[in-house]
Amino acid sequence: MGDILIVDDERDIRELISDILKDEGFETRLAGNSEEAMAEMNKEPPGLMILDIWLKDSRMDGIDILKAVKRDNPEVPIIIISGHGNIEIAVAAIKQGAYDFIEKPFNIDQLMVVITRAMETSRLRRENTELRRKDVTTADMIGSSPSFRTLKSQLDKVTKSNGRVMLTGPSGAGKEIAARYIHANSEKAEGPFVTVNSASIEPERMEEVLFGRESTGRGIEPGLLEQAHGGVIFFDEIADMPSGTQSKILRVLTEQQFQRVGGADMVRVDLRVISSTTRNLEAEVDVGNFRQELFHRLNVVPIDVPSLSERREDVPELAVHFIEAFNKNQGLPLRTLSEEAVAMLQTMNWPGNVRQLKNVIERVLILGSDKGEIAAAEIPGETQSDEAEEGRVVLSGSLATLPLREARELFEREYLLTQINRFGGNISRTAGFVGMERSALHRKLKSLNVVTSSRSGARVATVAEESAEEDA
């Protein structure tokens with residue numbers, strides 16, 4: 001994709017331009033009409049096209065060729081030349097995506113300046129695209145727990161096919177990372193990875209964002225589907241897609257083509273579709289919120305992405321990975337985790353899953369010391385979840401770092417302090433609630449150094465060392 005395709009119905013002109021370009025070190029191809037031009041485009045897209053707007057004995061004129069090329073190969077810069085130029089034609093050509101417009105007879109030096117700039121612009125765009133693709137394919141799958149190994153095994157299997165994948169799991173579990181892993185290890189790894197955030201796009205703009213737009217004033221504006229041509233389109237939270245758009249996406253999946261909003265031409269795309277959801281889509285189908293046929297089209301290979309609570313063994317490995325990544329990308333301190341910090345992270349409740357763990361690590365690195373181990377005390381306190389399993393108690397992370405004897409003593413002290421203060425320092429009521437004889441409770445409090453005292457007119461329980469007055 002480094003040569004220049006010259007399309008002109010006058011043989012002398014196209015050969016003259018070709019000779020000049022060859023002297024400058026460019027390779028060229030020649031076409032005398034629209035059929036030859038499109039045949040050359042279909043053979044292999046050139047690095048640049050020089051296109052005469054008026055072509056005798058051709059099925060398509062220059063503007064028609066411009067539209068067709070920009071539809072299927074938007075990255076190819078096109079310079080329009082014409083001996084019958086006027087402002088209206090030039091404006092129309094630029095709106096349809098032409099890089100520049102030059103009138104015949106043209107100045108050779110002027111033509112070379114425009115060609116050089118167009119080729120450089122095209123090169124920079126390709127480099128930026130490649131950099132974006134490399135960036136999105138660096139998302140690594142981290143873990144070694146049984147549930148993680150099962151997930152990775154399933155992902156490795158689907159990378160070898162072009163089947164549509166539906167990723168399910170709670171928010172923050174890593175569904176987009178899993179989708180990027182599929183892309184990075186598939187045959188479409190060199191193609192783009194485009195994410196559609198279904199929940200964040202306004203319903204009235206969804207079709208324009210997906211399919212693009214054509215208008216007289218603004219020309220062609222490719223949508224996300226067109227941008228993903230040759231690669232992967234990832235529908236994040238597909239359940240939030242408006243019902244009207246669902247039917248049109250279903251047609252795209254069936255026909256692999258669509259029309260831009262305001263356009264008449266069909267745009268062909270070669271896409272792999274990966275979707276994700278936190279909801280039960282079958283339930284959404286039952287209540288009429290999601291099209292059943294679209295669900296079956298997208299759910300060819302369903303893969304469940306486990307929550308962090310289902311893969312607690314991976315927490316230390318993930319934490320170390322995030323520390324190293326923040327050090328590399330943001331220059332944050334490269335610190336290690338103490339055993340107590342690891343124990344706390346593994347026993348904490350993670351309603352936000354891997355995303356929450358990443359945020360916690362970033363906060364610790366920003367607010368903590370520049371060196372040394374990360375202590376358990378530096379880990380932000382966890383948020384209690386309303387979804388704790390029935391019959392279970394969420395264990396405090398700090399408690400989980402202690403030996404059993406110390407943990408039991410600490411628990412009993414804190415438990416009794418809480419209960420005594422709950423009952424306003426009344427030992428009798430406390431004993432009745434906790435199921436102990438009053439005398440046994442007194443002995444337990446003494447062994448734990450817990451005393452009651454008067455403070456601001458109320459009886460409060462404290463640890464003896466902090467008490468100003470003991471209650472005999």
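A salt bridge is taken here as a side-chain nitrogen of Lys or Arg within 4 Å of a carboxyl oxygen of Asp or Glu, and the structure holds 22 of them. The model is a predicted one, in which local features need pLDDT of at least 70 and side-chain atom pairs count only at pLDDT 80 or more, whereas totals for chains, interfaces and linings use all residues. Residues are numbered from 1 along each chain as its sequence is written, and side-chain values use heavy atoms, with hydrogens and water left out.

One of the salt bridges joins the side chains of Lys 104 and Asp 52, at 3.3 Å from N to O. Lys 104 lies in the loop between E5 and helix H5 (108–136) and Asp 52 in strand E3 (residues 48–52), so the pair ties together parts that are 52 residues apart in sequence; helices (H or I, at least four residues) and strands (E, at least two) are DSSP runs, numbered from the N terminus. Lys 104 is buried at a relative accessible area of 16%, and Asp 52 is buried at 3%, where buried means under 20% relative accessible area, exposed over 50% and partly exposed in between (1.4 Å probe, protein chains only).

Within helix H7 (residues 175–184), Arg 180 and Glu 176 lie four residues apart, about one turn of the helix, and their side chains meet in a salt bridge of 2.6 Å, N to O. Arg 180 counts as buried at 16% relative accessibility, while Glu 176 is partly exposed at 28%. A further salt bridge is formed by Arg 279 and Asp 240 (2.3 Å, N to O). This pair links distant parts of the chain, with Arg 279 in the loop between strand E13 (272–277) and helix H11 (281–286) and Asp 240 in the loop between E10 and H10, 39 residues apart.

In helix H4 (residues 87–95), the buried residues include Ile 89, Ala 90 and Ala 93. These three cover an arc of only 100° around the axis, which puts them on the same side of H4, the arc being that of the directions from the helix axis to the C-beta atoms. Ile 87 and Glu 88, on the other side of H4, are exposed. The buried residues of H4 pack against helix H3 (62–72), strand E4 (78–82) and strand E5 (100–103), with contact meaning heavy atoms within 4.5 Å. Just after H4, Gly 97 takes a positive phi of about 115°.
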